[in-house]
Amino acid sequence: MSNYNLTHIKELEAEAIFILREVFAQFENPAILFSGGKDSIVVTHLARKAFFPSKIPFPLVHIDTGHNFPETMKFRDELVAELGAKLIVGSVQKSIDDGEAIEEKGKSANRNANQTVTLLGTIEEHQFDACIGGARRDEEKARAKERFFSHRDEFGQWDPKNQRPELWNIFNGRQHQGEHFRVFPLSNWTEMDVWQYILSENIAIPSLYFAHERKVIRRSNTWLPVSEFIQIADDEEIVTKQIRFRTLGDITITGGDESSADTLAKIVDEVASARQTERGNREDDKRSETSMEDRKKQGYF
Amino acid sequence: MSQQDNIIETHDNKGYLNMELLRFTTAGSVDDGKSTLIGRLLYDSKSIFEDQLEQVAKSSERKGLEHTDLALLTDGLKDEREQGITIDVAYRYFATPKRKFIIADTPGHIQYTRNMVTGASTANCALILIDARHGVIEQTRRHSIIASLLQIPHVIVCVNKMDLVDFKEEAFAKIKEDYEAFASKLDVKDVRFIPISALNGDNVVNRSENMDWYEGSTLLYTLENVHIGSDHNHIDCRFPVQTVIRPKNDKYHDYRGYAGRIASGVFKPGDEVTVLPSGFSSKIKSIDTFDGEVAEAFAPMSVAIQLEDNIDVGRGDMIVRTNNMPEPTQDIEAMLCWLNATGPKPKGKYILRHTTSEAKTMIKEIRYKLDISTLHRNEEDKDVKMNDICKVMLRTTKPILADSYKKNRNTGSLILVDEGTNETVAAGMIV
């Protein structure tokens, strides 16, 4: 008799494809939140698989803070062209110019909080009823509590105490006017799973994930990339290091690691022996013990 | 995407990729040491990162504890940490070189039935914790009855806090005997017993030096080796259609693929199949994936099926083997676990969701409430509240393609959704 067992990666893939098809079937106007990071790239790859040989039936939505790595933007545009997908950009700069979002001041100022305003505005403008994201439960403690189908009220807020129970493989996406869902097909994936999948499927990712020489400064225990958006204090020294990024966010908040991992295989090995969490170098998570939870409650993804 | 082509290389990824996935849930009351056990499993299997551990050490210190409280690893929300309560189910992940694990970490005290049912619905295995000092208590019976109702294939009874009974074999043997006597009334096929101390790590990941009388395996070894290959139903072929893929482009002008995830059974091209509820028969032309056609597909694979004949098939329909079909019925007998603070309305109307299909339904009759401590069927008291388990008769507006839950967890399960609030109010298992 044959062996009717799937490996864990194939099982996670089948689960994610199932979720993506449920989104397509249950919602009128869904979209993929695409940041250009590895998780949203994997979600997009899975969406391609889920609807093959049709094109991805969702537009990609990028919430552009204006503080991007140029490499991420180049990658985004190439991928969109390759997929023939529709790209919708929500601009944080525009939200600031319109007075809807207020820019932070000070040395560690970043546009993370402003992102939520633009995201919610974009959802409202385009009337999205489901936004598919690449968030994983292993990323952060507040995310461990998240459902596959995460209900948001008319203000886009997440209420961790009032989540719909999710049983078996039956997902309930019913909603009232003005509400929407965030959907996370990678909920059950770990950082390691994502890297193994990228390696085994040979999925293209931005060059930033591979170790390369970069100008950086040392701040709060991490290597922050030098860019036009960062204020460098007199006592901070610009150095050139062999750097790679484990997660990608805004260029102002994404800390890099010293690394020599310049191939996917080496990255997998490095992740396997990592002693720090993936988001350990994210300035946005270090603001307080509950920064992710607080942001999610306000409507962050 | 040429930038990357030169940095891809062949890599021996086999070791990482050839792993199975085991989903398990933990059950126990508040002080049984559930969080400590999960913390211990994560810690001893080296699945905790240094920065996480630092955070926990700091929190422990702030609380005035002498040791690092591993239980703090699992409380993710502000309210949970502040109030020391656990809100709703959380999911944890860890891996050993042998398997990947998903833990459904369910809160022990408030709302326990609802939460345990949620965690148990996808689990291959349930860990039931018993405090060695207290033995089999009402809570143990409740958890075991739920594990049995939800047909969790494997149960591991962890007799915890063995350090508090001087690691005595008699204490363990007595609990095992009591549990077996009670479990003989249940429908649980595979039960194992392990004496542990989650606090000190005895028999969790590492063998205990304090209990040389115990010859069985450690908890982690058991989790790594319990046979899960037979947990899926590979007999009854069921393919609920999620959506239809019709590219209508030049290359795939006439392509019509029925997309879905195989709920059970094994499908092959050439198989005689019937589409329900219409009853039309055809043959499988091909089973397609992005990576090419496959020679066979089995649960839980996500694929697209093409049929030889052009028949009307859409979401909610089910492709099955012609010689083995579920029963289309509008009258469904089911065990319900009520999940919502508002109980069922008399003659209440709800939306029933079963696989990918949906129908309006009415709770025609509540037959009895189940006392989940004694298994007693109370036919007098029909006032169903949150966390109650009851047997009901449902009447739907269109036929549901029902299997019994005992035979098929995927096509035997359903949920009820309140039309007004859109909340999922009940989990159901078809009898």
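In chain A, the axes of helix α2 (residues 38-51) and helix α6 (residues 191-201) come within 11 Å and cross at roughly 55 degrees. Axes here are lines fitted to C-alpha atoms over the stretch in contact, with angles from 0 to 180 degrees between N-to-C directions, and helices are DSSP runs (H or I, at least four residues) numbered from the N terminus. This is a predicted model, in which local features need pLDDT of at least 70 and side-chain atom pairs count only at pLDDT 80 or more, while totals for chains, interfaces and linings use all residues. Residues are numbered from 1 along each chain, chains are lettered from A and ligands numbered from 1 as written, and side-chain values use heavy atoms, without hydrogens and water.

α2(A) and α6(A) are therefore oblique to each other, the class left over once angles under 35 degrees (roughly parallel), over 145 (roughly antiparallel) and 65 to 115 (roughly perpendicular) are taken out.

α6(A) also meets helix α7 (residues 264-272) of chain A: their axes come within 10 Å and cross at roughly 165 degrees. That makes α6(A) roughly antiparallel to α7(A).

Now for charges over rings, with NZ of Lys or CZ of Arg within 6 Å of the ring centre and within 35 degrees of the ring normal:

| Charge | Ring | Distance from ring centre |
|---|---|---|
| A:Arg218 | A:Trp223 | 4.7 Å |
| B:Arg261 | A:Phe18 | 5.5 Å |

A:Phe18 also belongs to a cluster linked by ring pairs, along with A:Phe27, A:Phe148, A:Phe149, A:Phe171 and A:Phe181. Rings of Phe, Tyr and Trp (its six-membered ring) pair if their centres lie within 6.5 Å.

Notes:
Phe/Tyr/Trp six-rings, centres within 6.5 Å; stacked < 30°, edge-to-face > 60°. Helix = DSSP H or I, 4+ residues; strand = E, 2+ residues; numbered from the N terminus.
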